[in-house]
Amino acid sequence: MHLDERAAGGAVVCILLALLTWFLVRGISTDAANYSATLRLFDDFALAEASLHRDVLEARAGLLQNYDPLNASMAQINSALAQLRSKTLKEGLDAAPVDRLVAAARTLEELTERFKTNNALLRNSLSYVGLLSTNPDFVERNPLLAPSVDALAAAILQLTLDSSAQSRQAVQHRIVELARYPQLPFLGSDARSAQTLIAHARLLEDIVPTVDETVGSLFAVPTRPPLDETRALFSDRHMAAEASAQRFRLLLYATSLLLVVALIDLGRRLRNRAVALRKRAAFEHLIAESSTRLINCPPGETESRLTQALGELGKALGVDRAYVALAQTPVRIYAWSADGSPYPSGWPERALTLPERIEQVEFGIVAVPDVALLPPGDPKTTLMTFGVQGWACVSLMMPGRARGILGFDTFQPAWSVYFPLPVVRLAGDAVGAAIERDLSEHDRARLAARLERAVRLQMVGQLASGVAHNFNNIIGAILGYSEMAATEIEADTKAARHLSEIQRAAERGRDLIDSILTLGRRSPASLVSAPALLDETASLLRATLQAGVELVVSDVPSDLAVFGEAAQVQQIILNLCKNATQAMEGSGRICVMADAQELDQPRALSHGNLAPGRYVRFIVTDSGPGFSDEVARRLFEPFFTTRPAGTGLGLATVRKIVRDHEGAMHVVSAPGRGSRFEAWLPAAGERSAATIEETAPRPGNGETVLIVDDERDRLLGHEEMVAALGYEPVGFERSNDAIAAVRAEPARFDAILVSQASVQAALVLARTLHVLAPRKPILLATRSTVDVAPDALVHAGIADLVRRPFASAELAAALSRSLRSAVTLQN
């Protein structure tokens with residue numbers, strides 16, 4: 001699971017959580033509490049109205065002491081209505097039912113006030129009537145009037161119970177009866193009481209129906225319809241809110257299910273990620289162990305340990321085959337298979353050509369989980385031919401080395417194979433590093449062997465040169481005296497023939513000495529033009545070849561050139577042609593040609609190996625008898641020859657010169673089919689023009705060179721040679737004087753040449769001078785560089801070595817090279 005997938009999963013979970021929270025809030029019916037409060041208001045209104053009706057009846061019946069309950073009920077009704085109206089407006093409902101309910105409440109309030117006023121009068125009159133009719137003194141004083149009063153009181157009581165017209169007529173009749181009583185005017189104070197009773201009776205006759213009518217009107221006020229309409233409005237609003245909350249609760253449930261699914265998926269992904277991380281950690285641990293074993297393995301065990309590492313990688317990945325293929329000549333293979341079966345012929349060699357024709361995934365990796373899904377073409381055909389159903393490879397990064405791959409095969413489609421690209425790339429780097437280390441070790445061993453052979457040849461060459469010079473003097477004396485003796489002896493005599501044989505033997509000895517001197521001599525290199533070289537060589541050969549030998553020199557490109565010593569490169573052609581002439585025994589054809597060759601990978605020749613690069617190939621063919629493979633293997637050994645008169649040094653010299661120029665020889669021959677010799681030398685194009693220019697020595701331009709030599713005569717000779725090269729020499733025979741001069745004026749000298757009898761003393765002096773003038777190049781003159789350790793040279797600050805006795809060209813090259821390097825470093 002990549003980072004973007006994990007981020008997407010986290011984003012989905014966060015979105016679901018946000019939705020869940022929102023649905024939860026919306027799913028909780030926030031209208032329930034408000035609706036409950038509204039229902040309480042309706043209940044308060046109904047209860048207050050019922051209380052009002054009850055209190056009115058009680059007040060009508062005379063059971064209330066005061067009208068405070070009526071006022072409280074009315075206040076409660078008004079409060080409930082005010083709150084209902086506020087809620088109606090707040091929630092945007094239709095206010096008409098509430099307004100009608102408010103109007104009904106106002107009517108109630110008006111009727112209540114009217115009732116209170118009339119009922120107060122009624123209660124007052126009833127009290128007086130009751131008080132007078134039950135007064136015993138009044139009855140005792142007016143025994144004849146008492147029945148009429150009692151009758152009126154009874155009629156009034158009936159009227160309070162029934163305010164019908166009949167009851168009113170009864171009251172009116174009793175009032176008239178009492179008012180017509182004859183003795184009424186003569187009763188004194190009781191007459192006034194009777195008149196007052198009559199007045200209250202008449203008032204009650206009028207007011208009782210009025211009060212009862214008011215009570216009836218009050219009970220008839222239409223509060224129920226608008227109350228029910230208002231209740232229905234709030235109920236509908238509540239039902240709509242409940243329906244919306246129900247929908248959100250359903251959405252909440254669905255979102256919860258989605259969140260559970262998302263969390264389960266996220267958990268599954270995290271688990272898979274954890275499993276993948278554990279596998280990757282185990283795989284990286286395996287790679288680390290394999291790399292450690294490969295790093296610490298001896299050179300001879302690289303192949304076995306690499307095969308073991310391939311097996312461990314193959315088992316960890318769950319593949320059927322794992323291998324490494326290197327595009328060498330021949331192809332180098334390291335292979336492992338799960339069942340131990342051998343690889344089919346041609347595989348994995350053919351795998352080397354596939355990565356360039358299949359699209360890479362990344363990290364230089366090609367992964368094909370199912371070969372059947374590849375588009376038609378050669379890669380699919382090749383893989384199917386070798387029974388590969390799933391294939392992957394990693395390009396090995398080995399700059400300057402042969403191209404290689406780390407490949408994995410499966411016999412079934414590999415969709416389920418764990419194949420972490422970065423870790424597999426790491427495995428490829430580890431394998432590539434092990435192979436490159438093994439190749440470097442072989443190169444080191446080869447270079448060490450070449451160095452050892454070069455040192456031996458140098459020592460042999462120096463010894464041979466000294467011996468050859470002495471023999472050259474002897475041969476010169478033999479030739480000189482034999483020539484002088486030949487002038488004193490008659491021709492065609494036996495003594496003349498003997499002298500002739502002596503001269504021929506001396507000439508062969510001189511040729512042998514020339515070959516020995518060539519074998520041991522080294523000269524400075526330069527840019528050698530191949531066309532000019534072949535023209536000059538052809539002129540020399542045509543002057544010396546026998547008449548029966550035909551020389552054919554093909555034209556070569558004008559820009560074809562090598563970097564080396566012209567005389568030595570020419571010696572290659574001369575010796576090969578001379579060898580061909582001797583093989584043809586004076587009759588035949590020799591063809592000489594040269595061309596440019598470019599190698600994009602290492603190539604093994606019959607006598608040497610070549611690294612990738614550009615080369616000039618000199619070819620010499622002859623129509624001679626040829627030779628066998630056994631002769632070809634020993635052809636370049638010193639002193640090996642198949643001719644009784646041969647020296648065995650001609651071809652050995654050729655091979656030595658070619659090796660010194662970092663080239664190789666290739667020989668093709670068979671008995672009766674002639675021979676073909678190819679000398680491969682690095683083309684000058686491999687070096688930049690600046691490199692060629694820097695390599696060629698330049699004369700000095702008056703630079704000051706400090707020379708230290710503990711032998712005076714040799715010091716004078718060195719000063720004369722340095723001055724002849726265009727430099728200004730300043731010589732010191734004693735080391736202390738040289739140290740003092742550098743300490744006093746370190747900028748005075750441009751270069752320092754140290755020549756001491758003792759190499760250790762020279763290194764100590766060079767170290768001291770390097771400390772005083774760290775930017776000045778120091779050259780060390782010594783008889784031999786074999787015994788000088790490289791670490792000691794670096795520690796002493798030595799910039800270059802010069803062999804003693806000096807050769808002017810070698811000294812000029814060393815001084816020019818060192819001064820240019822010093823200028824480059826300072827810039």
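**A tutorial on a predicted model**

Tutor: In this predicted model, an open sheet of five strands has the order E7-E9-E12-E14-E13, and its pairing is mixed.

Student: Which strands are the edge strands of this sheet?

Tutor: The sheet is open, with its strands in the order E7-E9-E12-E14-E13. An edge strand here pairs on one side only, and this holds for the strand of residues 549–553 and for the strand of residues 664–669. The edge strands are therefore, with two strands pairing where DSSP finds at least two bridges between them, E7 and E13.

Student: In the hairpin of E13 and E14, which residue takes a positive phi?

Tutor: This hairpin has five residues between its strands. A positive phi near 85 degrees is found there, and the residue that takes it is Gly672.

Student: Which helix lies across E7, E9, E12, E13 and E14?

Tutor: The helix that lies across these strands covers residues 566–584, while strand E9 covers residues 588–599. The helix runs at about 140 degrees to E9, and its name is H15.

Student: What angle does the direction of helix H17 make with that of E14?

Tutor: Helix H17 is made of residues 650–660 and packs on the sheet, where it touches E13 and E14. The angle between its direction and that of E14 is about 25 degrees.

Student: Why does the pair of Tyr323 and Tyr343 count as edge-to-face?

Tutor: The structure holds six aromatic pairs. In the pair of Tyr323 and Tyr343, the ring centres are 5.9 Å apart and the planes stand at 85 degrees. Ring centres must lie within 6.5 Å for a pair, and planes over 60 degrees apart count as edge-to-face.

Student: Is Tyr343 buried or exposed?

Tutor: A residue counts as buried if its relative accessible area is under 20%. The relative accessible area of Tyr343 is 18%, so this residue is buried.

Student: Which residue lies over the face of Tyr343?

Tutor: The face of the Tyr343 ring has a residue over it, at 4.9 Å from the ring centre. That residue is Arg321.

Student: Which residues do ring pairs link into a cluster?

Tutor: The rings of Tyr323 and Trp347 have their centres 6.1 Å apart and their planes at 75 degrees, so they too form an edge-to-face pair. Trp347 is buried, with a relative accessible area of 2%, and Tyr323 is buried at 0%. Ring pairs link into a cluster the residues Tyr323, Tyr343, Trp347 and Phe386.

Student: How far does helix H6 reach from its first C-alpha to its last?

Tutor: Helix H6 is formed by residues 146–161, and its buried residues include Val149, Leu152 and Ile156. With 16 residues, the span expected at 1.5 Å a residue is 22 Å, and the helix comes close to this expected value, reaching 22 Å.

Student: Is Ile752 buried or exposed?

Tutor: Ile752 is found in strand E17, residues 751–755, and among the residues it touches are Leu706 and Leu769. Its relative accessibility is 2%, so with buried meaning under 20%, Ile752 counts as buried.

Note on methods: Residues are numbered from 1 along each chain as its sequence is written. This is a predicted model: local features need pLDDT of at least 70, side-chain atom pairs count only at pLDDT 80 or more; totals for chains, interfaces and linings use all residues. Side-chain values use heavy atoms; hydrogens and water are left out. Helices (H or I, at least four residues) and strands (E, at least two) are DSSP runs, numbered from the N terminus. Contact means heavy atoms within 4.5 Å. Axes are lines fitted to C-alpha atoms, for helices over the stretch in contact, and angles run from 0 to 180 degrees between N-to-C directions. The expected span of a helix is 1.5 Å times one less than its number of residues. Buried means under 20% relative accessible area, exposed over 50%, partly exposed in between (1.4 Å probe, protein chains only). Rings of Phe, Tyr and Trp (its six-membered ring) pair if their centres lie within 6.5 Å; planes under 30 degrees apart count as stacked, over 60 as edge-to-face and the rest as tilted. A charge sits over a ring if NZ of Lys or CZ of Arg is within 6 Å of the ring centre and within 35 degrees of the ring normal. Lists of a residue's contacts leave out its neighbours within four places in sequence.
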